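Here's a quick tour of the side-chain contacts in one protein chain, written for someone who likes to see the numbers. Have the structure open as you read.

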Amino acid sequence: MADVKRVYTFGNKEAEGNGKMRELLGGKGANLAEMNLIGIPVPPGFTITTEVCAEYYKHGKEAVIKALRPEVEKAMKNIENLTGMKFGDKEMPLLVSVRSGARASMPGMMDTILNLGMNDQAVEAVAKRTGNPRFAWDSYRRFVQMYGDVVLGMKPVSKEDHDPFEVIIEEQKEKKGVQNDTDLTTDDLKELVKNFKAAVKKQTGEDFPASPWDQLWGAICAVFGSWMNDRAILYRKLNNIPAEWGTAVSVQAMVFGNMGSNSATGVAFSRDAATGENLFNGEYLINAQGEDVVAGIRTPQQITIEGSKRWAVAQKVSEEDRRTKFPSLEEVMPEVYKELFEIQHHLEQYFTDMQDIEFTIQDGKLWMLQCRSGKRTGAAMVKIAMDMLREGLIDEKTAVLRCEPAKLDELLHPVFDKKAISNAQVITKGLPASPGAATGPVVFFAEDAEKVLEKTGQKAILVRIETSPEDLKGMLDAAGILTARGGMTSHAAVVPRGMGKCCVSGAGELQIDYKARTIKVNGFTVKEGDWISLNGSTGEVYLGQVATEAAGVSGDFGQLMDLAGKYSVMKVRANADTPKDAAQAFSFGAEGIGLCRTEHMFFEGDRIKAFREMILADDEAGRRVALAKLLPIQRGDFEGLFKAMNGFPVTVRLLDPPLHEFVPHDEKGQKEMAAEMGVPLQKIVAKVESLAEFNPMLGHRGCRLGNTYPEITEMQARAIIEAAMNVKASGMPVHVEIMVPLVGNHKELRYQKSIIDATAEQVFSERNDKIDYLVGTMIEVPRAAVTANQIAEVAEFFSFGTNDLTQMTLGFSRDDIGKFLPVYLEKGILKNDPFQILDQNGVGQLIREAVFKGRGKRPTLKCGICGEHGGEPSSVEFCHYAGLNYVSCSPFRVPIARLAAAHAALNQK
């Protein structure tokens, strides 16, 4: 192992590290050092670097202890000199805490041990020195319990079992007839220690370690070991924290909040982490240690009078009872409170961010144990950033960078009431496909969602094995969508996301019986009409009705978006198929439509009938008759879109899906279609069979449809051009872009462009007027990317359809990936779901190559993406660096993309 510095000391307003050394010392270690340097009262200690964590997993426990021993012993001497106590001494024993601390905050995910150094001799010495034997034995009891849990593995045998130490405590309290831990006497605590040690011996076969040095090495290695515990792994996965970062370990002289009524411990925030209100707040416990506050063993009290009064109102506690039974720290220890208030203000001003702080009051003296930038909700994040900007604490660029794009989701969708959700019964979990909260009665068919809304005014939860474009109206009328199949970019996920509608997809445990109209899952049976609730942000499904509340979108949100627009280089457009979607996107600041999917327009009302007439027609003449009925409908839709975008560009994609998606595949639906169309059932059955394909994704769709049935392209081109001219005639500017899908060969695009140009010229001639328009293509076939120089001879813009480009590049079906994706993520074969986060090394390189080759042939070539990746922050950042002009995403992801684009531009500078 390399000869490097592994241990950094701090104490008495001096430190070997500082706040900029987060990567090496972790967030906790770096901030402990910095607090020392700015004169905050911090117990002395030392931090073992994150690099040692990597060494622990590479070389093992014994090698790490051997390498660390000289530096740790020297650092311990430093604590001894500053405190006047000695580690392992029988007269003046030094007790320490051992805590984890990664560079990214991971609250509660890893392990902590307090009161280390306690043994049978130390407890007597502490009792004698403090004149408080109860405190000494309480500290010893806590240490054996924490060390036994964290280091010796004294955990419940199964999930049904209780914590073995808590069982012993409950037995002791019952035996003594007391309610609280604090009511146990010194003798009771002595008995607990004895019983704890006996339990350790029984379960592990080993005596509890008495040597403080053995305890210390066991604790240090256990903290490193906790970096790879299940909850830490899951937390890192959810927050994109790399496993290779590792955790640091901080060892600190103990200060005690459990020395009696003049001691306390607490956690506080310099501002409200839920709302962002500029209000110092937090909780504390008299005669307790830090873990008591976070573990919820005892109900803590509020730090400020204001917070205490608000708490009392919420809990329906009278002012008299509040003041006598639940007083604030401000009332109980006014001098200490004043010092704490000044310190939190100093820390916030110094670090220029909302602070989460932990403190202990030992015998009336305040000590700070930790400070870090506090976790906060999306609403609080925006408010705090904009408030601090107005206060002059941070500048505009910092305000923008301080706000995480992904957290804006919370501001854009309904959310569950926090109290209601804590009591809700989870019955299964799927993919969090579209954020928000939805509650309603279960229906299994799209038309039933429409009927329920029509009859009762109540939106239902549409439950399907999977959805198809025909379910669109039902999806629109539903409160939320739940499917057993489909990934994050399946139809079931993409369409609701575009609507800003809550959706949980791919809930594989669901057994859906359409005939019986029931769901069976994990022992629960849910019938049609029973209520369920969906959490589109977590993927959880709850039994019954759970109360929701509107997410708050304040004026700060709009100001943040203005700043994002000021600093971003890349534009953000929206994927929108209706005027309503377009208006929503425009209100969120979209600067155009990057994808209008014309096929979605054919599923409303009588339109599907006319489209099916076209499909059933035996020849071109018959198709043209049906298309003539669709022309005015399409033209009207496009006029609505162009008006909603008010002069911003609109990219209209010509018909893309295979024709079989527009016909029913079940006998009931086919009979209804035959009756509606006035043709024999056999003709419908034969047509459906003739349209069937083995692999529809690679079949007769996209430009292949337009090249085999040119009349479809003619009708759509005419509808687009005529709509644009009508809107222009009303005095509103129009920028039209016509996009040809699924091109893999430049000749396919040339053929389609010739039809579009000829149709446009015909319309211009009929109207004796002209408009400008662009013809481009959707790059979603890998061959199109590698031959982009040829395609750019014809195309005036590229739009990367990253959903299909990912499917074809990786060879993964986005609807079937759920069968192996969890295993691939667990084994590290894939780092992320490639349909959620762009595969930058594969698909991303095709995009870069296509942009480079395309602009080599046509320097003015406009490039963007319109797949679901257009609203994912890291993918947006990649698009900025790849030189794209815009990204396009679902309307409700527009603010996220705008903020991510600003981040990319600011980080590049």
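What follows covers charge pairs, then aromatic rings, then charges over rings. Keep in mind that this is a predicted model.

**Charge pairs**

Side chains of opposite charge can pair when their charged atoms come close. Here the count of salt bridges comes to 53.

| Pair | N to O distance | Placement |
|---|---|---|
| Glu319 and Arg323 | 3.5 Å | four residues apart in helix α12 (residues 319–325) |
| Arg390 and Asp387 | 2.7 Å | three residues apart in helix α15 (residues 378–390) |
| Glu766 and Arg718 | 2.9 Å | helix α30 (residues 746–767) and helix α29 (residues 710–729) |

Start with helix α12, where about one helical turn separates Glu319 from Arg323. Glu319 is partly exposed at 33% relative accessibility, and Arg323 is partly exposed too, with 41%.

Arg718 is buried, with a relative accessible area of 16%, whereas Glu766 is partly exposed at 46%.

**Aromatic rings**

How many aromatic pairs does the structure hold? There are 24. In one of them, the ring centres of Phe87 and Trp213 are 5.1 Å apart with the planes at 90 degrees, so the pair is edge-to-face. Phe87 lies in the loop between α3 (61–83) and β4 (96–102) and Trp213 in helix α8 (residues 212–226), so the contact links parts 126 residues apart in sequence. Phe87 is buried at 6% relative accessible area, and Trp213 is partly exposed at 26%.

Phe820 and Tyr824 make another edge-to-face pair, with 5.2 Å centre to centre and 65 degrees between the planes. Phe820 is partly exposed at 26%, and so is Tyr824 at 28%. Elsewhere, Tyr56, Tyr57 and Phe224 form one aromatic cluster.

**Charges over rings**

Two contacts bring a charge and a ring together. Lys365 lies over the face of Trp367, at 4.6 Å from the ring centre. Arg573 does likewise over Tyr886, at 3.9 Å from the ring centre.

Note on methods:
Residues are numbered from 1 along each chain as its sequence is written. This is a predicted model: local features need pLDDT of at least 70, side-chain atom pairs count only at pLDDT 80 or more; totals for chains, interfaces and linings use all residues. Side-chain values use heavy atoms; hydrogens and water are left out. A salt bridge is a side-chain nitrogen of Lys or Arg within 4 Å of a carboxyl oxygen of Asp or Glu. Helices (H or I, at least four residues) and strands (E, at least two) are DSSP runs, numbered from the N terminus. Buried means under 20% relative accessible area, exposed over 50%, partly exposed in between (1.4 Å probe, protein chains only). Rings of Phe, Tyr and Trp (its six-membered ring) pair if their centres lie within 6.5 Å; planes under 30 degrees apart count as stacked, over 60 as edge-to-face and the rest as tilted. A charge sits over a ring if NZ of Lys or CZ of Arg is within 6 Å of the ring centre and within 35 degrees of the ring normal.
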